[in-house]
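Subject: Structure handover

Hello,

Here is the structure I promised to pass on. Please open it first, then read my notes below.

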Amino acid sequence: MNVVFYLSAAIAVIATILVVTRVNAMHALLYLIVSLLAVAIIFYTLGAPFIAALEVIVYAGAIMVLFIFAIMLLNLGPHSEEQERIWMRATGWAGPVILAALLLAEIIYIIIGRSPTIGSAQPIQPAAVGAALYGPYLIGVELASILLLAALVGAYHLGHIRRALREASVEAAALRARTLESRPTGEQEPLGQPK
Amino acid sequence: MLNLLWLVPVIPFASFLVLALFGRRFSRTLSAWIGVVSIGLSAALAVLVAVSFLTSPPAGNAFTQVLWTWISVGSFTPQIAFRLDALSLIMMLVVTFVSFLIHLYSAEYMEDEENYALFFAYMNLFVGSMLTLVLSDNLLLLYLGWEGVGLCSYLLIGFWYKDPKNGYAARKAFVVTRVGDTAMAVGLFLIFTQLGTLNIQDALTKAVQVWPVGSGMAVAAAALLLGGAVGKSAQLPLQTWLPDAMAGPTPVSALIHAATMVTAGVYLIARTHTIFALAPAVQLAVAIIGALTLLLAGFSALTQSDIKRVLAYSTISQIGYMFLALGVGAWSAAIFHFMTHAFFKALLFLGAGAIIITLHHEQNMFRMGGLRRQLPLVFWTFLIGAASLSALPLVTAGFFSKDLILYDAFASTSGSPWLWAAGITGALLTAVYTFRMVFLTFYGDARQQVTHQPGWRVNIPLVILAALSIIGGYIELPETLGNLPVFSNFTASILPAPSLARGGIGVLLPLQIVAALAALGGIYLAYLFFLRRPQLARSLSHARLGAALHRFWFSGWGFDWLYDHLLVYPYIWLARVDRTDVFDYIYQGLAALTRALWRGLSRTQAGMLRWYAAGVAVGAIVIIALVVVLL
Amino acid sequence: MATIPMEHGLIVAGILFTLGLIGVLARRNIIFVLMSIEVMLNAAGLAFVVAGSRWGQPDGQVMFLFILAMAAAEVSVGLALVLQIYHHFKTLDTDAASRMRG
């Protein structure tokens, strides 16, 4: 069982690295789903089967799907990958990597500064979680539902695009596609494959 | 009658106020009347007070009139009080009388000038301050008068303010005397803290009790007072201001820079002579300063071409004699010389002024000549004054006073033959340069014609002063000539006679003969070089050494050059370096720092999401690091 | 169930969190930024669950549930805003929306 933990931890880390470094949004999303599934397995090995199921169903199944729908709605077009490559210059990574490395170093320093403690051997049943939810954390449940209601209403209103804006953006997308096809290739990154 | 003493200084002050406030509306005649009559009243009152004092002397030979208490802070209670004793009586009489004559003279001299009323206002303020100085019974009031006369000197030297040179001369006078004034102020502080009082008589009695002879405090106090005296009386090393002060109108030079203000230093030392007696080293310094100054100024006077500058250097030299007398303990002789000097020096200045104004403000002696026939009255009075200055034997007042000083310089216990030798050389020099002045101005060919004859307001003061220059000396006849020391007897209550180490008629007679020979010899030398064979003088002054000496003495022994390079130029350089006010950089720096910080901070507001996220990350790192490090 | 030292689980959560932080700071496309934020949220939840497992209490899982609900709400509102931004600026560049600069 320990092996499963370390293996799925490795998969999660690799998949997350790939998420952060892809140029295609779809690919990144799929890698993210892989990462989430690996994390679900980690949950299971830690004795939280209920949460593992929820991770798969809600996080990977609903939130990521929402991401996919949004990307499709955006209708970015084929030039988005070149755009991403242009944006992802190597110099832009130096600062974030350093900062994140510092933070990781500090976190690891704090964590391993104590004697190792072993997790408990028993899984925690969904019944216990449910009892906790509807016992001491009842207010949290109610607040979470109000939050979701607010998000629903907000997303509906915020997502409404005025007619003129939508048509203008559609035109702009078509224009972009036409100009990119007719532009000489010297200005952009050389493509790996012919169009 | 003695109670009228307070009016003597107050009347000039009142007249100053009237003329300063309303003078612009008065006619010239009225301003002159107010100015002259106020001093005349003051002089008359002074005579009345003097007569009363002499006929029925008050107890202790001193009369004090307290007007009110000026300041009252703890034990510091100086009063506005006037003290009349032998010394201040003489000073008061001389000051008021000579001032009156000079005021009368300047009514005509300044007739064509603008700011006529203001001139008399300043002159009256001066006389009031000078009288306060000599009559005050405590050092603080004396210092008030001291500063007052310094102020009036500045105002009057720069009276013709439209010419910047006059303003420069006035400033120079003020700044140089200020150096002395500061020393004197410190001396006053010392006296007050050590002796507990500024009342002169109390301070002097206390000093004798508290300070042993030669003690550090006495030396310090005496030296500081000497500093003040040196500044005001234009002695070494602060003598550079007096020749330039001749930029002022001639009556100013006569009154302030010949007869009265420059003798304030002499008065101060005479008044506080007890302290000087307690510090023999400083007293010796007084004598040496006097001797050096009289020689130095004598040589300089020999080379001048401006008639007023000759008289200025002559004043410096004669005050050197007074300092010499003070330095050897002959206090009374110094005051006696002050009196005769006031008469003949004022006479000489007024005469020079008459010449200047009738020759349309010509002051260069080499452009005058032959005025003997054109201005006969001026010539004769000037001649009498010159004779008195040169100490022509027996007939002039100057002879008696200068001779007394020379005798005391030789004979006194604090004196020495060297000091006497300096004095004799100075007497020779005095005769030479004085009669050089006379011969150049009045004899020879007339190079210019006088425009008009002076009026009665000029002539009468000249005649009166000439008479005094002759008979003024007869109140102190030495032992060889009648033995009638009326003057020293009168002042003996305040100014003790010097103790003589090498005295007696056997010494006095030869010294008198030598002095007489020096005076006559000097007159003959002047006659030889400047009247009979002027080419001798010319060839001397054109020779290499002669020309160099001439230049050196002409510039007053290079003191102006020295002070310029030592003090003035470094100060100007410093001011130029600090032109932008170095300390301002601190405040500008603060503002600049704030601006730099602002610019730096405003760059963090880039408006970019990733930048802000990075800020959050950095903040998290820093805080966790703090937790890790500190816990 | 696995008997893993809690430290290892927390370190895994830490690594995932920093990877998500790198993504937030380094990517310009706002979709990727949102994705990286999801990664960070997930990592935080993992830490909670690890802690709950160590103590044998359901509270860790309850916290993860709340994080899940919040993530869902945040993603929906966030993506709606992304649509608005895209239609306004015609690009998904985060640096384009920088009018509030100092």
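Start with the contact between chain C and chain B. Here 14 residues of chain C touch eleven residues of chain B; contact means heavy atoms within 4.5 Å.

Before more detail, two notes on the model. This is a predicted model, in which local features need pLDDT of at least 70 and side-chain atom pairs count only at pLDDT 80 or more, while totals for chains, interfaces and linings use all residues. Residues are numbered from 1 along each chain as its sequence is written, chains are lettered from A and ligands numbered from 1 in the order in which they are written, and side-chain values use heavy atoms, with hydrogens and water left out.

Chain C with chain B

Chain C and chain B bury about 880 Å² between them. Buried area is the accessible area (1.4 Å probe) that two parts lose on being put together, summed over both. Carbon and sulfur atoms give 59% of that area.

One salt bridge is counted here. The term means a side-chain nitrogen of Lys or Arg within 4 Å of a carboxyl oxygen of Asp or Glu. The partners are D95(C) and R610(B), with their closest N and O atoms 2.8 Å apart. On the chain C side, helix α1 (residues 6-26) gives the largest share, four residues. Helices (H or I, at least four residues) are DSSP runs, numbered from the N terminus. By class, the chain C side has seven nonpolar, three polar and four charged residues. Ala, Val, Leu, Ile, Met, Phe, Trp, Tyr, Cys and Pro count as nonpolar, Asp, Glu, Lys and Arg as charged, and the others, Gly among them, as polar.

Chain A with chain C

This contact takes 90 residues from chain A and 70 residues from chain C. The two chains bury about 7,400 Å² between them, with 77% of it on carbon and sulfur atoms. In chain A, F67(A), L74(A) and W87(A) lose the most area to chain C. Together they make up 9% of what that side buries.

How many salt bridges does the rule find across this interface? It finds one. E84(A) and R27(C) form a salt bridge through their side chains, at 2.7 Å, N to O. The largest share, 14 residues, comes from α3(A). By class, that side of chain A divides into 68 nonpolar, 16 polar and six charged residues.

Best wishes

Note on methods
Helix = DSSP H or I, 4+ residues; strand = E, 2+ residues; numbered from the N terminus.
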